[in-house]
Amino acid sequence: MTTVCNNSALYDSLDFCQGTTVLPGIRKRVYFLPKSSIVKYPTLPDLSAEGVDMGALATYEGDFTLAADAKWKRIDVLTGDSDISSESQGDAPSKTFLNKCTLKHAGRNEEATGFCRMANSDDLVYLIQQRDGKYRVVGNEMFETNTKPAQASGAKETDTSGTTISVEVSDVCPAPFYVGKIVTDDGDIDASTGGLTT
């Protein structure tokens with residue numbers, strides 16, 4: 001008996017309009033949260049779900065449900081030195097993606113150093129906003145997130161000083177998109193628009 005798979009029906013054309021500007025980089029504010037503060041995760045659509053297109057396959061459905069009083073915390077980053085990337089890893093049929101981000105924070109004070117001490121051994125999820133306003137997620141329920149902080153004082157007047165936060169995590173999708181709610185100390189953000197909810 002032959003197995004019938006409908007995955008191939010999800011493929012569509014990848015068009016690009018000449019003259020469209022693609023803005024590289026990420027925005028200044030990144031949000032993070034320990035996984036221990038997440039009660040329920042949003043989900044990616046199943047490949048066999050009806051009415052799903054290619055864009056929906058890479059977009060979380062639903063919100064992150066947080067523990068009582070938990071809120072996403074922020075890291076202000078230097079946008080010229082911070083980025084997010086994904087690459088395929090492993091062999092079929094168990095291939096996944098390795099999602100990475102490098103976050104450069106200008107500070108190396110007590111607070112930045114305390115973050116490094118905790119994050120070095122913790123399992124965190126990061127929400128990173130692209131320059132086009134869309135949020136990507138680095139971190140998931142299935143695989144442990146590896147956060148590797150480093151600090152440098154610099155030696156000469158022109159050297160770079162600060163904290164570099166390197167993050168790696170395996171996932172079934174390249175850094176999925178998130179359009180749900182982000183509960184922060186500054187108010188709730190609608191990730192689909194980037195604005196505060198009313």
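What you're looking at is a predicted model, where local features need pLDDT of at least 70, side-chain atom pairs count only at pLDDT 80 or more, and totals for chains, interfaces and linings use all residues. Residues are numbered from 1 along each chain as its sequence is written, and side-chain values use heavy atoms, with hydrogens and water left out.

Now for the strands around that pair. Helices (H or I, at least four residues) and strands (E, at least two) are DSSP runs, numbered from the N terminus. E9 and E10 (residues 162–171) pair in the antiparallel sense over seven bridges; two strands count as paired if DSSP finds at least two bridges between them. They belong to an open sheet of four strands, in the order E5-E6-E10-E9, with antiparallel pairing. E5 (83–89) and E9 (146–152) are at the edges with a single partner strand each, so one side of each has no neighbour in the sheet.

Helix H2 (residues 110–119) lies across E6 (96–105), E9 and E10, and runs at about 145 degrees to E9. For that angle, axes are lines fitted to C-alpha atoms, for helices over the stretch in contact (heavy atoms within 4.5 Å), and angles run from 0 to 180 degrees between N-to-C directions.

Back in E10, have a look at aspartate 171. This residue is buried yet has no salt bridge, and the nearest side chain of opposite charge, lysine 35, is 8.8 Å away. Buried means under 20% relative accessible area, exposed means over 50%, and partly exposed is in between (1.4 Å probe, protein chains only). A salt bridge is a side-chain nitrogen of Lys or Arg within 4 Å of a carboxyl oxygen of Asp or Glu. As for opposite charge, Lys and Arg count as positive and Asp and Glu as negative, while His and the chain ends are not counted.

Elsewhere, salt bridges do turn up: the count comes to six. Arginine 29 forms one with aspartate 186, the closest N and O atoms being 3.9 Å apart. Arginine 74 also meets aspartate 186, at 3.2 Å from N to O. Arginine 74 lies in E4 (residues 73–76) and aspartate 186 in the loop between E12 and E13, so this pair ties together parts 112 residues apart in sequence. Arg29, Arg74, Asp76 and Asp186 are linked in a salt-bridge network.
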